[in-house]
Amino acid sequence: MRNKIAFLSVCLLACFSVSFAQDTSLMYLTLSPELKKDANAVIRDNYTEITIDAVDKMTIKERRITTVLNKLGNKHVDAFANYDNDTKIINLSAKVYNAFGKEIKKYTKSKFTDVSAVDGGTLYSDSRVKYIEYTPTEYPYTVVFEAEYKTSSTGFIPKWYPINSYYLSVQNSEYKIINPEKIETRIREHNFKGYDIKKMSDNDIHYIAKNIPAFEYENNTVSISELVPSLIVALNDFSLKGIKGSATNWKEFGKWRYENLKNGNDILSESVKSLIQRKVNGAENDIEKAKIVYDFMQNRTRYISVQEGIGGWKPIPADEVHKMGYGDCKGLTNYTKALLDAVDVKSHYSVIWAGSEKKDVIEDFSCMQGNHVILNIPNNGNDIWLECTSQTKPFGFLGDFTDDRNALVITPEGGIIKKTPSYLNEQNIQNCNAKITLDSKGSITADVHMKSKGIQYDNRVFIDSYSTEDLIKYYKSNLWSYNNNLEIKDANVINDKNKVFLKEEIKATIADYASLTGNELLLRVNVFNKNSFVPKRYRTRNHPLRINRGYKDVDQYTITIPEGYKIGYLPEKYELTNKFGSYTMEIKKIDDKTISYNKTLLIKEGTFPKEDYKLYRKFRKRIAKQEGLRIALQKL
C-alpha cells in the first residue's frame, strides 16, 4: 500500500531569501551523531522573519529545511500554508533532496494541493490550505520549504517553538521580528533555561537556538510543551480580521472582544425569541431556563470543527446558526448565549485551551490564546459551564476536554480569568457490585451492576448509544477481554443526565473460569475489574512523573461456591498506601458456601519528580499482583 504523506498542520509557515549556498550542506553525512540520536527527523535550519509594517499589516517569511530519517519522520516536514480573505500567500515553494544533497523533486506554488481548511460546512469556505503530497522512495531525504505571506491580522503573531515534538532534533532555529514603526510589543519567554538559546539584541526581538537533541518519549509524563522552550509575542495595538484593538491586560482584551461579539452577532429574529420564550414559560428559576435552552440547542444543531484563528476569531451570527442548524464552537456557544439572553439569563462567552491534557490560558500574558469556546453561567459563586458542541453531554458537565483549567471569561466589564470545575480523584468513581455463582466444573454465572461518575462516566458514556450487538461486543472484546469464554446474556445501560451517572446491568457467564487441579478449584476472585497496569520500565528516567487523572474503583462481589467443595485458606487483608494513592483488598468467608470480595483502589492525580517513577512503578506492580490473586476451593 502506498504511504502518501500529506504535510498538514495548523500553523502558517514561511521563508527568507538567503541563498542556499549560505546554509549548512544538505548531505545526510554532515549531520552530527548527537542530532541523529533518537531522532526521526532533524530540522537543519528554520528561519522565521516577521515584519510588523503597521497595526494592520504584517509580512511573514520562513525557510525550513528538514531531513527525514525514516517514515516516522514524515510528519515533521510541515510543508503547508493556510490562507483566507485577509491572508495572502506571496511566495511558496518546496524542493526535495536525496541523502547526497541532489535535488529529486521540485514544487512551485501552482503544484501545491489546494483544499478547504474546514470540512462539514460552507460557513468558512474562505479558509483554505496549500500543501504538498510527496511519496518518498528512500530515506533519508531532505525538504527545503519556503513561503511568504502577508496578512492584515496582527493579533495572531506566530509563536516560536524551536522544537515542538518528540523524536525531532534541531540544528538551528532563528526567530526575528522587524518592527520599523516601533509598535509596542510584549514577550513571554518560557523554558529557556538549559538550552543553547541566545538573544541577539537587547532592543529587538531576535533569538537563535542551536543543537537541541531529540526528546525520547516517556510514558506517564508532562506535556511536551512543559519541557521545550517557547516564545510568545503580542502587540499592544493590533488588528484581527479588519477590526483594530488595543489591550495590555485581560480586562482590556476581554472588553474589546465583548464589544465586537455584541456587534450584530447576537441578534435573533423575533420569531426565534418568541419560540424559546414559550419553551421556558413556567420554569421556576434561571437554572431551569438554562437547562431548557441547552436541551433545545442540543436537539437542533450539529457541530463542525473549526479552531480559533481559522475561519475567523468571531462567531457567525446567532440567527444564521439557527437557520443552518450547525456551527463551530464559536458559533454554537454564541447562539446558546443569544438564546439565554432572550430569556433573561446571564451568560458569558469563554475562551479555553481544550484537550485531554490540561492547558491553561496564561493568566499573566494577554493575547490571542485558546483553541475552543465554552459558555459560562454565573451562579452565586458556583458557576455553571456548558459545552455547546455536544449533542449528548449533560447540562453543566464538562468532562476531561475542558475541566480544571484557566478560561478567559468575556464579560461586559472586560475579561476575567476563571478556573473550570475539576473532577479529582474520588470524584471519578466506579462502583462494581456482582453476585457470582461458581459450579463444580469451574464455570460461573454473574449479575453485575456498575455505576460510574465523574471522568469515569465521561470515559464510558459513549456506550449509551450502542446497539445491543455493539454493547455485547464491547464487553467481550474490550472491557472484559481478559476473560476467555465470556458470554453476555443481557445488558442494559441507564444514562442519568440529571444526576450525571451511568448504570450498567449485565448478566454474564464464563465457561471454565476456575481451573480444576487435583482436588482443588483455583479461582481468581477479581472477575470483573482486573487492573493489571504496570508502567514501562526505564533504565534512566529523564522526565517528571505525571498522573493525569485520579480515580477510585470500589468492587464488591459475593461468590457462591459449588456443592461438594469447601473454602480453604483465605489470604489476610492487604493494604497499601503512599503518595500515589491506596489499595485495599479483603476476602472474607460469609458462611460455608459464600465468600465476599472487597477491593478499593484510589489513584491520585499529580506531578512528581522523575526520581519517584521507580516507586510508582513498584506501587503498580504490587497492585497488579494482588489483582491476579487466586484462592483454592477444596473438594470434600
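Q: How many cavities of 30 Å³ or more does a search of the whole structure find?
A: Two. Keep in mind that this is a predicted model.

Q: How much space lies in the largest cavity?
A: About 100 Å³.

Q: And which residues are closest to its centre?
A: The lining has 13 residues, and those closest to the centre are Gly-155, Ala-234, Leu-235, Phe-238 and Cys-367.

Q: Which strand gives the most to that lining?
A: Strand S13, residues 230–235, which contributes three residues.

Q: What happens at the start of H4?
A: A side-chain oxygen of Asn-285 comes to within 3.1 Å of the backbone nitrogen of Ile-287.

Q: Which residues of H4 are buried?
A: Lys-289, Ala-290, Val-293, Tyr-294, Phe-296, Met-297 and Gln-298.

Q: What covers them?
A: The cover includes helices H3 (270–279), H5 (318–324) and H6 (329–342), plus strands S19 (372–377) and S20 (384–386).

Q: OK, nonpolar cores. Which residues in the largest one touch the most other members?
A: Ile-436, Val-448, Tyr-475, Trp-480 and Phe-528, out of 66 residues in that core.

Q: What does Ile-436 touch?
A: Leaving out residues up to four places away in sequence, Ile-436 touches Ile-444, Thr-445, Ala-446, Val-527, Phe-528, Tyr-557, Thr-558, Ile-559 and Thr-560.

Q: What lies apart from that core?
A: Another core, of 50 residues, including Phe-192, Phe-215, Leu-227 and Leu-261.

Conventions. Residues numbered from 1 in each chain as written. Predicted model: local features only at pLDDT ≥ 70, side-chain atom pairs only at ≥ 80, totals over all residues. Heavy atoms only, no water. Buried < 20%, exposed > 50% of the residue type's maximum accessible area, 1.4 Å probe, protein only. Helix = DSSP H or I, 4+ residues; strand = E, 2+ residues; numbered from the N terminus. Contact = heavy atoms within 4.5 Å. Polar contact = N/O pair within 3.5 Å; in protein donor to acceptor, adjacent residues only side chain to side chain. Core = buried A, V, L, I, M, F, W, Y, C linked by side-chain atoms within 4.5 Å. 1 Å grid on protein atoms, 1.4 Å probe; cavity = no way out; pocket = protein on both sides within 12 Å on 5 of 7 lines; lining within 4 Å. Points joined across faces, edges and corners; volume = space filled by probe spheres on them.
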